[in-house]
Amino acid sequence: MEKRLSIGMLIGWKIEPELCLASAMAASSHQADFFYFYPGDVKEATRTIRGKEWNGTKWVYNTFDYPDVIYDRMRRRGSDQFGNIYEKLAGIPITHTLIGKSMYKTKVYNLLLGHPELKKIVIPFMTMREPEKVIEFIQQHQQVVLKADRGAKGENTFTAEVKGDMLEVFDQTYIHQMNAEQTMALVELLTERRYCVQKLVQSTTVIQGFPFYIRVHIAKNGKNEWIVAFCSAGISLKSNIKIANSKKTLTVSTTWNRFLEHQFGEEVNGPMDQKIQKTALQLAHYLESQIGSGFHEIGLDIGIDEHRNICLFEAGIGLPSTLFNYVELARPAIEYSLYLARQSLK
């Protein structure tokens with residue numbers, strides 16, 4: 001009889017309860033045990049961990065032996081903030097082995113520029129280093145997005161539009177009219193904070209004109225193969241709020257098949273759906289060829305312009321999240337975790 005495997009999910013802060021439960025259910029469906037824990041729960045001397053497991057009705061504390069594999073939902077290898085947790089767990093297979101949580105957005109853009117096909121989805125961008133050149137970029141494209149190169153979930157992201165001699169900047173709450181001097185001061189401030197600037201793409205619904213983004217979750221499965229786990233659309237209900245994945249935006253969604261039908265007049269596995277999935281998988285394979293296999297999931301945020309071209313907003317390998325698709329997010333992660341555990345036992 002095959003050994004019953006155990007999965008420990010390492011987390012560093014509050015996590016969505018839906019993801020924990022979906023992970024536990026996915027593990028159970030594969031006859032595996034599952035618990036989650038924080039760095040402070042690890043007792044290296046006894047090789048035990050105090051964590052929480054699902055007992056069928058609620059999460060309860062228990063003390064566990066070191067698991068067969070770590071599902072890393074913290075991803076802070078190399079960070080002094082969490083001490084030597086990864087050293088304590090050395091020798092246990094772990095799903096994410098890259099140093100740090102993620103990569104700079106512009107590093108991903110620059111990597112994709114080296115691919116003959118994927119470079120077509122890269123929106124014109126610039127790392128903000130020289131304020132004068134940033135101003136030239138803004139003037140050239142007229143409408144831009146200013147965002148932290150290492151930020152996530154649309155936090156501290158601004159949209160800006162040139163209007164005559166002024167720059168109209170929207171911070172997701174207020175609109176600011178800035179003259180040349182004020183614009184330069186803003187650019188200098190954001191340059192110090194390592195921002196990047198990107199041309200604003202009009203990715204809007206065909207009838208209402210609502211801005212939207214598409215989240216494509218790419219993940220490795222139990223065979224160590226890249227798959228598209230799910231696609232979902234996030235839609236802003238106000239046409240002036242372009243950053244649909246911001247916490248300050250009331251983002252709504254619908255089923256993927258309804259979105260495809262409404263936006264493109266097609267069903268699942270239609271031309272646009274296939275194009276999105278093909279591009280996503282191509283991107284995953286290419287990124288792995290460039291930075292190694294130390295990651296197993298990518299949160300791809302894309303837009304579709306008026307010509308039905310795919311436009312890459314960003315590709316995150318940090319801690320991809322979801323609005324509703326927790327089961328679809330958890331299932332491949334658990335299967336990949338079990339793949340690593342079994343490989344280590346051979």
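Reply: Contact is taken here to mean heavy atoms within 4.5 Å. The model is a predicted one, in which local features need pLDDT of at least 70 and side-chain atom pairs count only at pLDDT 80 or more, while totals for chains, interfaces and linings use all residues. Residues are numbered from 1 along each chain as its sequence is written, and side-chain values use heavy atoms, with hydrogens and water left out.

The open sheet has 6 strands in the order 7-12-8-9-10-11, with antiparallel pairing. Strands (E, at least two residues) and helices (H or I, at least four) are DSSP runs numbered from the N terminus, and two strands pair if DSSP finds at least two bridges between them. Strand 7 (125-127) and strand 11 (175-178) are at the edges; each has a single partner strand, so one side of each lacks a neighbour in the sheet. On average, neighbouring strands of this sheet are turned by 20 degrees against each other, direction ignored. Axes are lines fitted to C-alpha atoms, for helices over the stretch in contact, and angles between N-to-C directions run from 0 to 180 degrees.

The hairpin of strand 9 and strand 10 has 2 residues between the strands, and Gly-164 takes a positive phi near 65 degrees in it.

Helix 3 (residues 105-112) lies across strand 7, strand 8 (143-148) and strand 12, and runs at about 125 degrees to strand 7. Helix 5 (residues 180-192) packs on the sheet and touches strand 8, strand 9 (158-163), strand 10 (166-170), strand 11 and strand 12; its direction makes about 115 degrees with that of strand 11.

Other local contacts can be taken in turn. Asn-221 is placed in the loop between strand 13 (212-220) and strand 14 (226-236). Its relative accessibility is 11%, so Asn-221 counts as buried; the term means under 20% relative accessible area, with exposed over 50% and partly exposed in between (1.4 Å probe, protein chains only). Leaving aside residues up to four places away in sequence, Asn-221 touches Ile-227, Pro-332, Glu-335 and Tyr-336.

The structure holds 12 aromatic pairs. Rings of Phe, Tyr and Trp (its six-membered ring) pair if their centres lie within 6.5 Å; planes under 30 degrees apart count as stacked, over 60 as edge-to-face and the rest as tilted. The ring centres of Tyr-36 and Trp-59 are 5.0 Å apart and the planes stand at 70 degrees, so this pair is edge-to-face. It links distant parts of the chain, as Tyr-36 belongs to strand 2 and Trp-59 to strand 5, 23 residues apart. Phe-34, Tyr-36, Trp-54 and Trp-59 form one aromatic cluster.
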